[in-house]
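Here is a short briefing for a reader meeting this structure for the first time. Look at the model below, then work through the points by topic.

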Amino acid sequence: MTSNPTPPFVTRVPAANTPIVVAIDGPAASGKSSTAQWVAERLSFRHIDSGALYRAAAAAVLRSIRGSGDWSEDDVLRAARGITLTAARGAYVPILNGADLESDIRGSAVTHHVSRVAQMPRVRQWVNAMVREAAAGTSVVVDGRDIGTVVFPGAHLKVFLVADPWERARRRLTQRLGRSPTDPEIAEETERLVQRDSLDATQTVQAKDAVLIDTTYLTQEEQVERIVSLVKVLRPAL
Ligand code: CDP
């Protein structure tokens, strides 16, 4: 019997001194972005949040054409032309014609429209190109829904985060309200999340070689620690 020195979760062993790509995918409010941000800080990697780009495209078209949300793919791409990814707050954040979009992209209007925008094939191509460009030549933690399958199928480590919908809703509300939400509030948010899960189902794909982490009963520190320790197996010197 031959022994295999490569741990099973390692998709591709990175050559020494070459950049590492860590992909973190999962459904809405599974903690991808905050976990990715924290993992990137711990390892001094760059964090790229692909969802923020879909949100920025939705925010840009909402700013340029108000109304029902019945825009064409060309409308969205035209509005998104002014978006760049800029290093700020320890991450790469989308900027529209020089203006910070952070408060817009987390708002309910953008959350309501973003899944439809994210289904547009040329918008997906635009986001993927922006993400790959931002990742060029440096070690990155990239979070989204199709990072390990479409954007970086050759990522060195792929993680798929899941959590119970009620717990995801509770976390998202705690973050948004800055207090403990009530059960009826959580129930309402759970319904919204489950609806968005179904709208996003086609683009949320777990790669065959991804490590599945259920964070329902984990603290954020614990989930960050798990991912950091997996990366350290890839490159013990980190
Ligand atoms: O933080 P949350 O999970 O609520 O969403 P997000 O990561 O900010 O992504 C916002 C939306 O962008 C999702 O609802 C998806 O429709 C879309 N998205 C996508 O289609 N593919 C990605 N790689 C990332 C986000």
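V76 touches A57, V61, W71, V117, M120 and V123, leaving out residues up to four places away in sequence. The model is predicted. V76 is found in helix 3, which covers residues 73-80. Its relative accessible area is 0%, so V76 is buried.

**V76 and its distance to E133**
- Along the sequence, 57 residues separate V76 and E133.
- In space, their C-alpha atoms lie 20 Å apart.

**Helix 2 against helix 5**
- Helix 2 spans residues 50-64, and helix 5 spans residues 108-118.
- The two pack at an angle of about 110°, with axes 8 Å apart.
- Helix 2 is therefore roughly perpendicular to helix 5, as angles of 65 to 115 degrees count as such.
- On the helix 2 side, the contact is made by Y54, R55, A57, A58, A59 and L62.
- On the helix 5 side, the contact is made by A109, V110, T111, H113, V114, V117 and A118.
- By class, the contact residues of this pair are 10 nonpolar, two polar and one charged.
- A57 and V117 take part in this contact, and both also touch V76.

**Helix 8 against helix 9**
- Helix 8 covers residues 165-177, and helix 9 covers residues 183-199.
- Their packing angle is about 110°, and their axes are 8 Å apart.
- Helix 8 and helix 9 are therefore roughly perpendicular to each other.
- The crossing of helix 8 and helix 9 is right-handed.
- Helix 8 contributes P165, W166, R168, A169, R170, R172, L173, R176 and L177 to the contact.
- Helix 9 contributes residues including D183, E185, I186, A187, E189 and T190.
- The contact of helix 8 with helix 9 has nine nonpolar, one polar and 10 charged residues.

**Helix 1 and what follows it**
- Helix 1 (residues 32-43) has 12 residues.
- Helix 1 reaches 16 Å from its first C-alpha to its last, close to the 16 Å expected at 1.5 Å a residue.
- Which residues of helix 1 are buried? They are K32, T35, A36, Q37, V39, A40 and L43.
- The cover over these buried residues includes strand 1, strand 2, strand 4, strand 6, strand 7 and helix 10.
- Phi of S44 is positive, near 60°, in a residue other than glycine.
- S44 counts as exposed because its relative accessibility is 67%.

**Q223 in helix 10**
- Q223 has its place in helix 10 (residues 220-234).
- Is Q223 buried or exposed? At 2% relative accessibility, Q223 counts as buried.
- Setting aside neighbours within four places in sequence, Q223 is in contact with S30, G31, T35, L161, T215 and L218.
- One of these contacts, T35, is among the buried residues of helix 1.

**Helix 6 and what follows it**
- Helix 6 (residues 121-135) has 15 residues.
- From first C-alpha to last, helix 6 reaches 21 Å, close to the 21 Å expected at 1.5 Å a residue.
- The buried residues of helix 6 are V123, R124, W126, V127, N128, M130, V131, A134 and A135.
- V123 is buried and also touches V76.
- Helix 6 is followed by G137, with a positive phi near 75°.

**N17**
- N17 is in the segment before strand 1.
- N17 is not a glycine, yet its phi is positive, about 65°.
- With a relative accessible area of 78%, N17 is exposed.

Notes. Residues are numbered from 1 along each chain as its sequence is written. This is a predicted model: local features need pLDDT of at least 70, side-chain atom pairs count only at pLDDT 80 or more; totals for chains, interfaces and linings use all residues. Side-chain values use heavy atoms; hydrogens and water are left out. Axes are lines fitted to C-alpha atoms, for helices over the stretch in contact, and angles run from 0 to 180 degrees between N-to-C directions. Helices (H or I, at least four residues) and strands (E, at least two) are DSSP runs, numbered from the N terminus. Angles under 35 degrees count as roughly parallel, over 145 as roughly antiparallel, 65 to 115 as roughly perpendicular and the rest as oblique. Contact means heavy atoms within 4.5 Å. Ala, Val, Leu, Ile, Met, Phe, Trp, Tyr, Cys and Pro count as nonpolar, Asp, Glu, Lys and Arg as charged, and the others, Gly among them, as polar. The expected span of a helix is 1.5 Å times one less than its number of residues. Buried means under 20% relative accessible area, exposed over 50%, partly exposed in between (1.4 Å probe, protein chains only). A crossing is left-handed if the near helix is turned anticlockwise from the far one by less than a right angle, and right-handed if clockwise.
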